[in-house]
Amino acid sequence: MADKFNSDRWVRETCRRLNLDLCDNFGAGSYDFPQGWKALVDSILTAMRGCKVQIFMIREDHGLLDVRMVADPASELAVLRAIYVYQQWASVTCYCCGSRGRKLVIGGKVRVLCAGCINK
Ligand SMILES: [Zn+2]
């Protein structure tokens, strides 16, 4: 996957813009997901705007969009709902281009790809 997208930098810029709190105590790799999922992560972060949330991790793991956060009780249900909805979308959204995709096992790893990106 020739992927120049820097998800870590993008998350930091987006959270600064939305005034969301990142807690990347674990350093590099906490915000690591493919470019095709950027719009989905953008929707999750936008849904968190105005909520008291600490975001620890946003990663792709075997076809799952894994978001780890702590929200205060007043915000928690709304934030969890947004994460859940966009996680379901991620499981059918191409890693590369964001089109409708499906899960494939390639090299022992689950990837979500569309028909056009499978052979790239
Ligand atoms: Zn694609």
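Histidine 62 counts as exposed, because 12 C-beta neighbours lie inside 10 Å and a residue with 12 or fewer is classed that way. The model in which this is seen is a predicted one. Histidine 62 sits in the loop between strand 3 and strand 4. Its backbone has a positive phi of about 50 degrees, although the residue is not a glycine. Most residues other than glycine have a negative phi.

Asparagine 19 is another such case. This residue has a positive phi of about 60 degrees and is not a glycine. Asparagine 19 is found in the loop between helix 1 and strand 1 (21-22). It is exposed, with 9 other C-beta atoms within 10 Å.

Next come the helices. Two packed helices are described by the angle between their axes and the distance between the axes. Helix 1 covers residues 7-18 and helix 2 covers residues 38-48; they pack at an angle of about 30 degrees, with their axes 11 Å apart. That angle makes helix 1 roughly parallel to helix 2, since angles under 35 degrees count as roughly parallel. The crossing of helix 1 past helix 2 is right-handed.

Which residues in helix 1 and helix 2 meet? From helix 1 come Trp10, Thr14, Cys15 and Leu18, and from helix 2 come Lys38, Asp42, Leu45 and Thr46. Sorted by class, this contact of helix 1 with helix 2 has four nonpolar, two polar and two charged residues.

Helix 2 also packs with helix 3 (73-90). The axes of helix 2 and helix 3 come within 9 Å and cross at roughly 170 degrees. Helix 2 and helix 3 are therefore roughly antiparallel to each other, because angles over 145 degrees are given that description. On the helix 2 side, the residues that meet helix 3 are Leu40, Ser43, Ile44, Ala47 and Met48. On the helix 3 side, they are Val79, Ala82, Ile83, Tyr86, Trp89 and Ala90. The residues of this contact of helix 2 with helix 3 divide into ten nonpolar, one polar and no charged.

What are the buried residues of helix 2? They are Val41, Ile44, Leu45 and Met48. Viewed down the axis of helix 2, these buried residues fall within an arc of 95 degrees, so they line one face of the helix. The buried residues of helix 2 pack against helix 1, strand 3 (53-61), strand 4 (64-71) and helix 3.

With 14 C-beta neighbours inside 10 Å, serine 43 counts as partly exposed. From serine 43 to alanine 71 there are 28 residues along the sequence, and the C-alpha atoms of the two are 17 Å apart in space.

The last stop is valine 92, in the loop between helix 3 and strand 5 (102-106). Valine 92 is partly exposed, having 14 other C-beta atoms within 10 Å. Leaving aside residues up to four places away in sequence, valine 92 touches Arg100, Gly101, Arg102 and Val112. For one of these, arginine 102, the separation from valine 92 is ten residues along the chain and 5.2 Å between C-alpha atoms.

Notes: Residues are numbered from 1 along each chain as its sequence is written. This is a predicted model: local features need pLDDT of at least 70, side-chain atom pairs count only at pLDDT 80 or more; totals for chains, interfaces and linings use all residues. Axes are lines fitted to C-alpha atoms, for helices over the stretch in contact, and angles run from 0 to 180 degrees between N-to-C directions. Helices (H or I, at least four residues) and strands (E, at least two) are DSSP runs, numbered from the N terminus. Angles under 35 degrees count as roughly parallel, over 145 as roughly antiparallel, 65 to 115 as roughly perpendicular and the rest as oblique. A crossing is left-handed if the near helix is turned anticlockwise from the far one by less than a right angle, and right-handed if clockwise. Two residues are in contact if their C-beta atoms, placed from the backbone, lie within 7 Å. Ala, Val, Leu, Ile, Met, Phe, Trp, Tyr, Cys and Pro count as nonpolar, Asp, Glu, Lys and Arg as charged, and the others, Gly among them, as polar. A residue is buried if 20 or more other C-beta atoms lie within 10 Å of its own, exposed if 12 or fewer, and partly exposed in between; C-beta atoms are placed from the backbone. The arc is that of the directions from the helix axis to the C-beta atoms.
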